[in-house]
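Colleague: I would like to learn how to read a model of this kind, one feature after another. Could you take me through it slowly?

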Amino acid sequence: MPNLIIGIFLILFTLEFVIEFILNELNIRQVRKSRTAQAVPEFFQDKISGDVYEQSVRYTLAKASFQRWSEVYGRIMIFLLLFGGILPLLDNLIIRILPQILSSSQITGVLFCLGVGVILSVASLPIDLYSTFGIESRFGFNKTTLPLYFLDKLKGLILGVLIGAPFLFVVLWLMQATGEYWWLWAFVFVTIFQFLMIIIFPTFIAPWFNRFEPLPSGELRDRIMALANQIGFKASGIFLMDGSKRSAHSNAYFTGIGKAKRIVLFDTLIEQMTIDQGLAVLAHEMGHYKMKHIRRMMVVQCAILIVGLYILSRLVNYEPLFTAFGLQPSNHAALVLFSLLSGPFTFYLGPLMNLLSRKHEYEADRFAAFTLGNGKPMEEALINLTVKNLSNLTPHRWYSAYHYSHPTPTERIGAIRQITTANFA
Ligand SMILES: [Zn+2]
């Protein structure tokens with residue numbers, strides 16, 4: 001039985017790798033083909049210079065060829081963690097060094113899970129360092145320094161322990177104490193926890209990494225206030241963030257629920273855009289708020305969570321699963337194995353979630369076009385964002401369908417034009 005489990009896992013693990021690899025290669029080929037033909041998409045033709053287009057191609061190719069290596073590396077790391085005897089070693093080590101007085105199954109469990117988390121983050125460090133200080137620096141995007149980079153990592157670790165440890169403790173305790181239906185209890189707890197995090201994150205955690213300020217006064221602010229009023233969004237929830245501290249990439253996002261909801265604009269975005277374009281981006285973000293996209297996304301995530309926990313509850317007493325990886329049966333080993341092994345299974349949910357997210361993006365664009373009374377500023381904002389961020393103008397359609405949480409700029413502009421001709425012409 002253990003061999004069967006390992007066999008199934010390895011087949012799916014390899015399949016996931018092959019799919020990722022093929023998609024990436026298709027994308028690389030598509031970009032090269034477009035470069036040779038100088039096939040700049042219609043909407044961009046007089047908006048991007050030859051030099052900038054060439055730069056965007058190089059940036060895309062640099063990231064894609066690095067992805068080949070990082071994929072292989074990441075998989076070797078997971079493989080070593082699962083089959084290299086690291087998990088049993090860590091499990092035994094914790095039991096041996098933990099003072100008797102602290103050795104409850106929950107505390108051992110929390111330490112085990114955090115230990116695996118630390119191993120995974122350390123293992124991913126070289127990849128992360130190279131993409132930040134190698135690729136991003138080469139194309140002029142990286143603005144972070146090594147001290148700031150490691151300070152961020154340290155803060156992440158502290159947060160991981162402060163928030164992760166109590167969270168894991170409660171989950172492990174529920175698994176042990178609430179009997180056969182522990183997964184329902186765990187579901188209730190995790191859902192409440194996620195809900196709290198959505199409220200806590202923008203107000204307490206994000207400010208630890210960035211400065212958030214009210215928008216500076218001026219025409220943009222006045223027009224944003226008017227727009228917020230018109231839509232019924234509390235203008236006190238609109239913030240400017242010092243994204244330029246770490247990267248020249250520009251962005252905007254909507255986050256939080258209830259009183260904690262916020263629209264965050266990167267300072268880099270404000271610098272790069274005209275007032276009309278900035279307002280369009282804001283109208284788009286308000287569209288996410290108006291159409292309750294965060295809530296809808298949460299409902300889907302809850303559904304996935306409850307199914308996942310149910311499956312975990314079936315596996316937690318299944319001894320061959322543990323034997324297959326040289327571990328003693330325990331709740332914490334089940335949690336870690338489940339999260340390490342589930343990747344090749346849940347991999348297929350990614351494109352489905354992206355499909356939903358892309359639907360939300362179209363809806364928010366549509367909302368922006370209607371609110372502003374025409375689609376032009378949104379369209380220009382998208383072109384501007386794409387060019388300034390050197391985004392791939394010609395992704396392969398399978399690659400984007402699989403990986404993109406946003407429709408491609410060409411798809412979005414196409415959809416906006418359709419609305420425009422149908423409604424405002
Ligand atoms: Zn959006």
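This is a predicted model: local features need pLDDT of at least 70, side-chain atom pairs count only at pLDDT 80 or more; totals for chains, interfaces and linings use all residues.

Colleague: Which protein atoms are the donors of the zinc ion, and how far from it do they lie?

Modeller: The zinc ion has as its protein donors NE2 of H284, NE2 of H288 and two OE entries from E361, at 2.0 to 2.8 Å. Along the chain these donors follow the spacing H-x3-H-x72-E. H288 belongs to helix α9 (residues 275-290) and E361 to helix α14 (residues 349-372), so this pair ties together parts that are 73 residues apart in sequence.

Colleague: What does the spacing of residues in a helix tell a reader in general?

Modeller: An α-helix has 3.6 residues a turn, so residues three or four places apart point the same way.

Colleague: How should I describe the geometry of the site of the zinc ion?

Modeller: Ideal angles for four tetrahedral donors are 109.5 degrees. Here the angles among the 4 donor atoms run from 51 to 135 degrees, and the site is classed as irregular. Because four donors count as tetrahedral only if all angles lie between 85 and 135 degrees, the value of 51 degrees rules that class out. Since water is not among the atoms, the site may look incomplete.

Colleague: Are H288 and E361 buried or exposed?

Modeller: Both H288 and E361 are buried, where buried stands for under 20% relative accessible area.

Colleague: How many residues of helix α12 are buried?

Modeller: Helix α12 (residues 331-341) is mostly covered, with 8 of its 11 residues buried; among them are H332, L335, L340 and L341.

Colleague: What is the volume of the largest pocket, and which residues lie closest to its centre?

Modeller: The largest pocket holds about 1500 Å³ of space, and its lining counts 46 residues, of which N251, S391, S405, H406 and R412 are the closest to its centre. Helix α2 (residues 50-83) gives the largest share of that lining, with 7 residues, and by class the lining has 20 nonpolar, 21 polar and 5 charged residues.

Colleague: And what lines the second largest pocket?

Modeller: The second largest pocket has a volume of about 980 Å³, and 32 residues line it, with G308, L312, F338, S339 and S342 nearest its centre. The largest share, 8 residues, comes from α10, while α12 is one of the helices that each supply at least two residues. By class, this lining has 27 nonpolar and 5 polar residues and no charged ones.

Technical notes
Residues are numbered from 1 along each chain as its sequence is written. Side-chain values use heavy atoms; hydrogens and water are left out. Donors are N, O and S atoms within 2.8 Å of the metal (3.2 Å for Na, K and Ca); water is not among the atoms, so sites may look incomplete. Four donors count as tetrahedral if all angles lie between 85 and 135 degrees; four count as square planar and six as octahedral if opposite donors are over 155 degrees apart and all others between 65 and 115; anything else is irregular. Helices (H or I, at least four residues) and strands (E, at least two) are DSSP runs, numbered from the N terminus. Buried means under 20% relative accessible area, exposed over 50%, partly exposed in between (1.4 Å probe, protein chains only). On a 1 Å grid over the protein atoms alone, a cavity is a set of points where a 1.4 Å probe fits but cannot get out, and a pocket is an open set with protein on both sides within 12 Å along at least five of seven lines; lining residues have an atom within 4 Å of a point. Grid points are joined across faces, edges and corners, and a volume is the space filled by probe spheres set on the points. Ala, Val, Leu, Ile, Met, Phe, Trp, Tyr, Cys and Pro count as nonpolar, Asp, Glu, Lys and Arg as charged, and the others, Gly among them, as polar.
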